[in-house]
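Reader: Could you walk me through this one slowly? I'm still new to reading structures.

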Amino acid sequence: MIELFGADYSVYVRAARLALAEKGLTYKLVPIDVFAPEGPPESFLELNPFARIPALKHGDFSLYETVAILRYVDEAFDGPPLQPASAAGRARMTQILSILDSHAYRPLVWDIFVERVVKPRDGTPADEVKIASSMGPARTVLGALETLVEAGPYLLGDRLTLADCHALPMLSLFAKAEEGATLLKRAPKLSAWLDTIRGRPSFKASEPATRV
Ligand SMILES: N[C@@H](CCC(=O)N[C@@H](CS)C(=O)NCC(=O)O)C(=O)O
């Protein structure tokens with residue numbers, strides 16, 4: 001029995017859900033709302049003391065930090081391998097996962113997507129200064145990824161990997177902001193990848209029921 005704790009609106013939870021779906025695994029999504037005014041339930045802190053989602057439980061084993069979860073999902077279960085066979089391929093995948101965590105999540109999701117799309121939709125004006133000052137970092141992220149990725153159809157070539165699972169939630173939200181769409185047009189490999197990967201059943205299966 002696999003349980004994934006988190007909310008479907010979360011990009012990190014969606015990365016784990018994409019890997020679970022690509023492995024062909026069934027799991028239970030246990031709702032945890034980290035942004036609830038009262039915070040996540042006290043019991044969740046036993047699963048992740050940092051109060052971040054997702055966390056995963058598989059029998060007696062529990063885990064937090066998305067990259068660890070992604071690797072576990074790939075390595076602990078049967079199904080198509082989601083990591084490259086070569087040392088260079090795995091290193092490139094790890095590099096992309098790290099870039100996404102360290103350099104992409106904040107500017108692409110919070111500083112551009114949330115400001116440009118979510119806040120105005122909820123009746124709060126976008127912070128234009130925050131958006132403008134995040135464009136440089138966002139451009140650097142897209143430029144770096146465009147340079148590192150293969151010709152496709154997936155980020156590392158002909159097989160989908162954990163890099164695709166982690167990148168897709170962030171980049172598909174970023175594309176919803178006009179600034180994101182504009183920057184993506186200048187990254188032809190990433191744009192073509194986004195079009196391809198959006199057609200996969202795992203993309204649809206992990207689509208948030210709640211609006212993001
Ligand atoms: N390093 C964590 C980051 C996960 C993360 O930041 N998740 C967000 C939701 S997308 C969260 O829980 N945010 C709660 C908060 O910032 O208080 C991981 O890789 O799992």
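Author: A residue counts as near a molecule when one of its heavy atoms lies within 4 Å of it. This is a predicted model, where local features need pLDDT of at least 70 and side-chain atom pairs count only at pLDDT 80 or more, while totals for chains, interfaces and linings use all residues. Residues are numbered from 1 along each chain as its sequence is written, and side-chain values use heavy atoms, with hydrogens and water left out.

Reader: Okay, which residues surround the ligand?

Author: The ligand is surrounded by Ser-10, Val-11, Tyr-12, Val-34, Phe-35, Arg-52, Ile-53, Glu-65, Thr-66 and Tyr-105.

Reader: Switching topic, what domains does the chain have?

Author: The assignment, which is automatic or from a database, gives domain 1 (2-76) and domain 2 (87-202), with centres, taken over C-alpha atoms, separated by 21 Å.

Reader: How many residues of each are in contact?

Author: Counting heavy atoms within 4.5 Å as contact, 14 residues of domain 1 touch 18 residues of domain 2.
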